[in-house]
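Dear colleague,

I am passing on the structure that we spoke about, together with some notes on what was found in it. Please read the notes with the model open beside them.

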Amino acid sequence: MAAQVIIDPNHTRADKLILESLAADLELYNEGKSGLTDNAAQHGPTAGDKDALVQLAMDNMNNPNHKDFEPAIFNSWDYPMLQSKQLNRFLLRPYTRVAQGVVRNKVDVVMFTHLLLYFFTSVPSALALFFWNFSWLHGILHFVMQVSYTGTYTLMMHQHIHGNGILKKSFPYSLFDYLFPYITDPLMGHTWNSYFFHHVKHHHVEGNGPDDLSSTIRYQRDSWLHFAHYVGRFYFFAWLELPIYFIRKGRPFMAARSTFWELGNYFTLYALYQINHRATICVFLLPLALMRLGLMAGNWGQHAFVDNEEPDSDYRSSITVIDVQSNRHSFNDGYHTSHHLNPLRHWREHPNSFFKTKDTYASQDAIVLHNIDYIMITIRTLMKDYHHLAKCMIPIGEAQMAMSLDERAKYLQRRTRRFTEEEIRAKFGKAKA
């Protein structure tokens, strides 16, 4: 079965452009395999010409000085979808001007939008549950609301922790930028600063290697038992293992800081439980339990397919996902390989970077999937549903394009294999920590 590229009308504009280009690459490959000629007379502009136009359009979208610049205002709609004259004149333009005076990057109006959303919904609702009138109906509805927020919030904070903030560096924005996570993080299921210490100071240092506490290489990635061990270890021992990791790496101050904030958060939750246990359950404990599961399930999917020959390659130990949930609603989180290649890259630059270097991705045998998010990748992998995953795979490069559906399924399955300690020593030059 030939690979098919399906473009969802809800994909971002950048994702649509990329998918159209990848589909064209597949079409040209299949035409060449069928003996059809590929020349300008038959096809008009060459593939290179078309790619150059796509690249120019994507660059202009991100350039605040270009007339085609598109700030992100809402996750659900691209800027061209909001071009009502009256709406623009009386609401969007004034709002955008105000927001761009607050955010650090002019494209990030959407982050100002979300801060307003959280401080006008999550915070008042939590305060009401604690200090006004608790009801289980309100508590459950509050939790459901938070569940709908957590994905987008977490990826907004992903930009925050890598970029050391999202608002302007001048006072008072810098002060609010520093303080607001201490209010909103626990509401969304994060403990204070744990995302920063675990993700930035540890995961990106180790890159899914042997010393990465969240590494998948010692697990069989299609085993429910291994997945349960992976999640359980993070649930119950991350608070202890992370400081030990920092001490082992000669960073005792980092160990002390991570311990202080993690245990401080737990003691605060204990104190709040004594004040109002029902509100604490709905406002803090349920989001915490769900977030820990979500973070590990997501990371499992992001690093489920690791190449047996070069597991230390960012191209071959992580994946690229082009889907609505990951990229429209989660700040291009699908471009995980791009993020590992440059953790400081701004979220709007990931599609551009991928497109500029798609030939490198192809030569490195990188994996690109579409119309599936990380959680479903994890679930489908655990179900051993490799044919579904193969249908979601977009072959890049001739080696992948030559594969049948069954061959793509077997190719993906091979990459879920657990590494032995002997293989880890050979591939990484490290023994078990």
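The notes below go from the whole chain to single residues.

This is a predicted model, in which local features need pLDDT of at least 70 and side-chain atom pairs count only at pLDDT 80 or more, while totals for chains, interfaces and linings use all residues. Residues are numbered from 1 along each chain as its sequence is written, and side-chain values use heavy atoms, with hydrogens and water left out.

The secondary structure of the protein chain comes to 22 helices and 2 strands, where helices (H or I, at least four residues) and strands (E, at least two) are DSSP runs numbered from the N terminus. The radius of gyration is 23 Å, close to the 22 Å that the globule rule gives for 433 residues, so the protein chain is as compact as a globular protein of that length; the radius is taken over C-alpha atoms, and the rule is 2.2 Å times the number of residues to the power 0.38. Taken along the principal axes, the box that the C-alpha atoms fill is roughly 75 × 65 × 40 Å.

Of the 433 residues in the protein chain, 52% are buried, where buried means under 20% relative accessible area, exposed over 50%, and partly exposed in between (1.4 Å probe, protein chains only). Among contacts (heavy atoms within 4.5 Å) with a separation of 6 or more, 68% are between residues 24 or more positions apart. The protein chain exposes about 20,100 Å², and carbon and sulfur atoms supply 61% of that area, as computed by the Shrake-Rupley method with a 1.4 Å probe, where for residues only the protein chains shown count as cover.

From the UniProt record, in an unreviewed entry, comes "domain: Fatty acid desaturase" for residues 135-352; UniProt positions are given in the numbering used here, feature names are shortened, and annotations may be inferred rather than shown by experiment. That span is 68% helix and 2% strand, and its end C-alpha atoms lie 48 Å apart.

Ser338, in helix H15 (residues 336-341), is buried with a relative accessible area of 0%, and beyond its neighbours within four places in sequence it is in contact with Arg345, His350, Ser353 and Tyr361. Between Ser338 and Pro351, which are 13 residues apart in sequence, the C-alpha to C-alpha distance is 8.4 Å. Gln100 belongs to helix H4 (residues 85-100) and is buried at a relative accessible area of 19%; leaving out residues up to four places away in sequence, Gln100 touches Phe69, Pro71, Lys106, Val109 and Lys168.

The backbone also deserves a look. Most residues other than glycine have a negative phi, and most peptide bonds are trans. Phe171 and Pro172, however, are joined by a cis peptide bond with omega of about 5 degrees, and Pro172 sits in the loop between helix H7 (136-163) and helix H8 (173-188). Asn332, although not a glycine, has a positive phi of about 60 degrees; it lies in the loop between helix H14 (324-327) and H15 and is buried, with a relative accessible area of 5%. Lys384 likewise has a positive phi, near 55 degrees, in the loop between helix H18 (374-382) and helix H19 (386-392), but Lys384 is partly exposed, with a relative accessible area of 48%.
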